[in-house]
Amino acid sequence: MSETAFQPRVFSGIQPSGDLHLGNYLGALKRFVTMQDQGIETIYCMVDLHAITVWQDPTDLRNATRELAAGFIAAGLDPEKSILFNQSQVPEHAQLAWIFNCVARMGWMQRMTQWKDKAGKNAQNASLGLFAYPSLMAADILIYHATHVPVGDDQKQHLELTRDIAMKFNHDYKVDFFPVTEPVIEGAATRVMSLRDGSKKMSKSDPSAASRINMTDDADTIAKKIRKAKTDPEALPSEAKGLEERPEARNLVNIYAALSETSVDDVLRDVGGKQFSEFKPMLSELAVEKLAPISGEMARLMQDTSEIDAILHRGSERARAIAAPILEQTYEIVGMVR
Ligand code: AQP
């Protein structure tokens with residue numbers, strides 16, 4: 001991790017807007033665990049306020065929030081070592097987001113690719129929350145003075161905007177109050193692609209269930225989805241360069257490398273020359289070996305959601321102990337009478 005003047009602190013979050021998938025796991029969750037185990041202060045959040053920027057059925061949202069928390073714990077996040085909570089239990093996120101709404105510029109928000117992709121041609125009908133989403137995300141991070149944010153590649157632009165908001169706030173109020181946060185985008189699978197289309201990222205909101213592997217999929221479902229994954233007729237190359245024009249092949253090799261915690265070059269040294277009919281069963285076996293213990297533990301944890309609720313509540317109290325003084329100082333800087 002690179003140095004800043006602020007004490008190192010990691011923050012990241014995942015939306016409970018659907019099933020946790022392999023992209024979330026490899027791009028984010030697996031790396032949350034690595035950072036926790038490096039002895040840095042780590043704060044991880046189920047960002048339920050972000051989820052409602054598009055319609056969520058309330059019962060499904062509650063269930064998805066608890067299941068996401070179960071996924072965090074099952075993947076190796078320890079609620080004693082890391083602070084785990086859901087965003088809506090820490091009101092300081094939304095309070096700081098309002099201040100950032102007054103710092104960020106309309107033009108900055110309009111340039112966000114995720115806004116353009118999600119609102120599409122129907123922007124007039126999209127929620128105001130969807131448009132303002134990156135400002136809340138900046139508040140999620142900066143309410144803890146977080147210095148490092150592990151995310152997948154798709155969040156890079158939002159992280160740049162977070163930096164812009166911190167710098168503009170510091171400049172406008174002539175302070176050095178918010179850190180200029182570093183994104184941490186690392187590993188072989190920073191952008192896991194859809195299994196059906198190598199040009200689209202694997203995503204919760206893709207209407208095709210076959211496009212993604214969910215963390216709750218059983219072994220047969222995982223094997224079936226990998227068997228049906230789109231590929232090309234060529235054998236696998238022996239070097240990464242040979243994957244350049246082959247997005248689907250590259251995606252499967254990246255997934256294999258990330259799951260086995262090796263490099264793409266090492267994987268290709270072993271599998272170069274093999275056909276997909278041979279490689280896909282190897283990938284299925286590896287995916288099941290790595291994911292089945294997590295999904296089993298998620299199912300066990302979901303049998304007693306009161307324990308999950310208690311963990312989230314305890315986490316939110318610890319989070320508020322950090323966030324509340326930072327919000328108070330922000331109000332002071334901005335000129336609010338306290
Ligand atoms: N395909 C992916 N590859 C690598 N990382 C990914 N992430 C998401 N998809 C991939 C990372 O997971 C974290 C949480 O993402 P999120 O749920 O908060 O938001 P998202 O990026 O919008 O996820 P989805 O699945 O694509 O949701 P929808 O379909 O609702 O938009 C982030 O660190 C993200 O980078």
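Domain bounds, as used here, come from an automatic or database domain assignment. The structure is a predicted model, in which local features need pLDDT of at least 70 and side-chain atom pairs count only at pLDDT 80 or more, whereas totals for chains, interfaces and linings use all residues. Residues are numbered from 1 along each chain as its sequence is written, and side-chain values use heavy atoms, with hydrogens and water left out.

The assignment gives domain 1 as 9–190 + 304–334 and domain 2 as 209–300, and the C-alpha centres of domain 1 and domain 2 lie 29 Å apart. To the contact between them, meaning heavy atoms within 4.5 Å, domain 1 contributes 15 residues and domain 2 contributes 16 residues.

Between them the domains bury about 1,300 Å², with 73% of it on carbon and sulfur atoms; buried area here is the accessible area (1.4 Å probe) that two parts lose on being put together, summed over both. On the side of domain 1, the residues that lose the most area to domain 2 are Leu-22, Ala-74 and Ala-188, which together make up 37% of what that side buries.

One salt bridge (a side-chain nitrogen of Lys or Arg within 4 Å of a carboxyl oxygen of Asp or Glu) is counted between domain 1 and domain 2. A salt bridge joins the side chains of Lys-30 and Glu-261, at 2.6 Å from N to O. On the side of domain 1 that touches domain 2, helix H1 (22–36) and helix H3 (58–74) are the elements that give two or more residues, helices being DSSP runs of H or I with at least four residues, numbered from the N terminus.
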